[in-house]
Structure formats: structure tokens, C-alpha cells
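Please look at the sequence and the structure below, and keep both in view while reading.

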Amino acid sequence: MEKEKSPSQKSGGLKLDYKRTILVGFAFFGIMCFWEVYDYIMPLILNRRFGLSAWQYGLIMGLDNLLAIFLLPLFGSLSDKSVKARMGRRTKFIFWGSIAAAVAVIVLSVFEFLQFQKILAAGYDNINALMASHTPLRELLERADVVEFLKDKNVALDYAALTGLSSLKDLTASQLAVAAEISAVIKEAQIAMGASVAKDNVWILVMFIIALLLLLVSMSSYRSPAVSLMPDITPKPLRSQANALITFMGGAGGLVAIVLYKIFANNEVQNYMFLFIATAAVLLLILLVYMLTVKEKKFVALREEEEEKYQVVDEEESEGTDKLPKAKLVSLFLILMTVFLWFMGYNAVKSHLSTFATGTLNFKQGYVGTISILNGAGGAIALLQVALLANKLGRKKTIIIGVIVAAVAFIPCFFMKATTPGVQYLFPLCFLLAGFGMVCVNVNTLPMVTELSRGSTVGKYTGYYYAFSMSAQAVTPALAGIFMDMNQSAVFIYASIFIGLALVTTIFIKHGDNKPPKKKKMLEYFSDED
């Protein structure tokens, strides 16, 4: 009598539908395009435009994540229950959420523009006005060694010349230190002027925050439904590979965002209205592409047919129970704690990257954008290696590799200054390596969570995932900001510690992993995971 095949053996013929996965990935493409712009430009606006300190703007940067703790599980669960929605239970939220977010982005840009006009009128781009309002800047520019340096380099006492000091060639170490000091104090003067203007026009800051809250609620309304689409249309054994493609789509959205702010936000003496408008346009364009190409109900039916054909539905799925056995419940908690600790570390750096790189390392905004492009491109390239690793070693071991790489990569950044030889190359290299670690973690943690769900609870479990990740991101910008107010570089030690703790929780995870096949051809890495 022939022995009954195991589910893993039966699933051997399953192949990932690339087209279907990429099409649903357009929703995530738009989401990540927005968040890349938001994470890059919002700290600069709050710090330079409104004069908020690192912990103050970190607190506001955490608002989206604080809201998400409650809203993402809520909207994920609501989308689970919207089975009668004509457009599809996830598509309904994606449609209305995208439109609301695009409108909120435009409203937000109006108040940023008003604040910008106020600070221009106060002399934000005029060195004499900055000197008059900021005693440390005036004293610095009157200091004998600074006067001699400017005279030696034939640098005029005006805003454009002084902010362009970092681009001067053939500076000695001492001259480079003076140039970095001048740039840092000018930025302090700008922040002080922004704070003064905001104090005199509190209503602009209040309306900006209200518009920001509306925007964050709009984005939260469809993030869980959008991400839940991947497991909705993908059989469980293929979800790591599918999530790699979805992550690639998110990375592509991030690259588009970087191109946008390279075009519209390359000069700090300008408003960001056109960047906001371009971002809103991308959200609406991506929504149009999604609505024209994605047939949610049809895609879900195809997934169900595939699972039935290869008999890959697990025990919990077939029995229709929502309750997890104790062992799996413990693993679920450990996975979610890994997610929490990871984002406590990595997002601390991401939230403060633009202010650290422009303030401490004296990089130009445009160069910081280039670093982000390299990081995004590196992440996209890393997807292939991560998919191969997850397929060969399993999800858990791949996550372990990712957290070790990221923790080690951030440590050298603590010691980097504007005067560090080769810092313009060393810092991007470290950030690129950390980005590889990020891909290892992000590609595999969500599939581990959804592996423990069933069809009717995918949205809820996806909400759990984002509740933990957003809880971390709600706390970490302000917490890291407290340390940064004492030492800007401390954020990297902070990040390495939390990422190291994520390694500990990952080690004890027992369920949610995939079982790597014994043999694997490279060209099939997206096709037949057990």
C-alpha cells in the first residue's frame, strides 16, 4: 500500500505567480513611496522649519506609529470581515484610504508653505539676520581664527558662501574642522529662528499637526489590508518568496520617493510644496494602476484552487479554529518581540538619518538622498540573496544573519565625524550593510506571523505584526532623540543594543519557520519552497 504523502511533499509542484504577486504589490509600492518621503523630510521640517529639538520632533514622528498600534489591527480586522465588499475586502480600504491620504498630503503642504514664507520673511536665508538673532553665530563669525580662515579661502560673509564651505577643496584638517563648526552653528541659528517664528505663529504649527494626524489616520486605514493581500492570494509555502517580491515593490516605491526629493528637495532654502504634490500624485497614479489590474476576488479564488490541488491547507486552517496551541502562541509572541526590538533599533537610525547626516557629518541634503538611493538599491539587490538564504537555511536563520549584520554595521558609525577621513564613503557603506540586514528581517518576519494564521484571520495577524512594529516606531524616535540631544552619535549604539536583543528572542522561536528543501536550483528560488 502506497504511503500517504506529507503536505510538504504534495506542495512540491507549487510555483509562485509572479505577475499576480507584483500586481498586488502596487498597493505596497505607493505606501512605501509615501513613507520614504515622510521619514526623510518630516524631521527636517519639524527641526528646521518649526525649531523643534530632536526629542520633540521625535515625539511627533512617533505619532504615526502610536496611532498605528490601535488602527492597524482595527482596519486589518475590519477588512477581514468585509467579505461582501463589491471591490474586494482589501481593495475597498485601499481605494478610499489612498484618496484620503492624497488629499491630506496636499492640505499638509499648505501649512508647511505658510511656515516657510514666515521664516523667509524673518531672514532664514540671510546671514546678517541670522547673526542678529543668534549670538553664538555672530560671535563665531567674529572669532579671529574664523575670520582668518574665511579671508584665506576668499569666502564672502553671506549665506550661500558659508553653507557651501563643505564643498571647498584642499582643506587642511584644522580648516575642515572650522568649516564644519560654521555649518553646525548656522543650522543652530536656523533652528532657533524657526522656533521663534513658530512661537509667534502657533496656529500654523497647530494646523500642521492636525493635518498630519488626518494624513496618518488615512495611511493607517489601508496599510494592513494592503499587506494582507499577499497572504490572501499566496499559498502558505510560498509566502517568503512572495513577501520578497512585495518588499521589492516597496523598495521600488522608496526609490521613486528618493528621486522625487532629489528633484524637489535638493536645496534646503526652498519650500517642500512641490515634493508633497508630487507624492500625492504618485499615490493616486498607483491607485489607478492597482484598480485597473488587480481583481482581488479572482486572485483569492485562484489561490484556493492551488491549495486544494496540492493539499497544503494546514490543520488549523481545515478545522477552522482561531485558537493557537500554546507552543505556537509562544512562538508568535517571540516573533512579534523580535519585530518590536528590531524596529526599536533600526527605526531610531532611520528617523534621525537626515538630521544626523546633515548636522553631524555635514552632508548636503542631496547627498543624503544619494545615500538613501544606494541603500534602497542595495536592498533590492539583496532580495535575491535573502530569498536564497531563506530557501536554503530557513527564515529563522536568515533573520539571525540579518540582525547580526545590522548590529555590527551601526557600531562604526558612532565614531564618525565630519572630519573623519573618507566619511562620505564609510557612512554609506555601513548604512548599506545595515540595509541588507533590514531586508533579511523584514522579508521573513511577516511570513512567519501569517504562517500561524488562517484565511479568515490574515488581516488580524497582519495587524498584530504592525501593532508591534509601530509600537516600537512610536517610542524609539523620541527615546533616541533624548540621547541624541546629549550626543548625536549615540543613536548608533542605541540601535545596536536593541538589534542585539532581537537576536536573543529570535533564537528561541520554534514555529513559523519554513522547512528548506534538500536540493534547490538557483533559478527556482521563487518557485517551490516547502
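**Two helices side by side**

Helix α2 (residues 18-49) packs against helix α13 (residues 273-293) at an angle of about 170°, and their axes lie 8 Å apart; here axes are lines fitted to C-alpha atoms, for helices over the stretch in contact, and angles run from 0 to 180 degrees between N-to-C directions. Because angles over 145 degrees count as roughly antiparallel, α2 is roughly antiparallel to α13. Helices are DSSP runs (H or I, at least four residues), numbered from the N terminus. This is a predicted model, in which local features need pLDDT of at least 70 and side-chain atom pairs count only at pLDDT 80 or more, while totals for chains, interfaces and linings use all residues. Residues are numbered from 1 along each chain as its sequence is written, and side-chain values use heavy atoms, with hydrogens and water left out.

Which residues meet where α2 and α13 are in contact? Among them are Phe26, Phe29, Phe34 and Ile41 in α2, and Phe276, Leu283, Ile286 and Tyr290 in α13, where contact means heavy atoms within 4.5 Å. Sorted by class, the contact of α2 with α13 has 17 nonpolar, three polar and no charged residues, if Ala, Val, Leu, Ile, Met, Phe, Trp, Tyr, Cys and Pro count as nonpolar, Asp, Glu, Lys and Arg as charged, and the others, Gly among them, as polar.

Side chains of opposite charge can pair when their charged atoms come close. The structure holds ten salt bridges, each being a side-chain nitrogen of Lys or Arg within 4 Å of a carboxyl oxygen of Asp or Glu. One of them joins Glu36 to Lys350, with the closest N and O atoms 3.7 Å apart. Since Glu36 lies in helix α2 and Lys350 in helix α16 (residues 326-359), this pair ties together parts that are 314 residues apart in sequence. Glu36 counts as buried, at 12% relative accessibility, where buried means under 20% relative accessible area, exposed over 50%, and partly exposed in between (1.4 Å probe, protein chains only).

Arg143 forms a salt bridge with Asp145, at 2.8 Å between the closest N and O atoms, and Glu181 forms one with Arg143, at 3.1 Å. Glu181 lies in helix α10 (residues 173-200) and Arg143 in the loop between α7 (135-141) and α8 (144-152), so that pair ties together parts 38 residues apart in sequence. Arg143 is partly exposed at 32% relative accessibility. Finally, Asp80, Arg89, Arg90 and Asp232 are linked in a network of salt bridges.

Technical notes:
Parallel < 35°, antiparallel > 145°, perpendicular 65-115°, else oblique.
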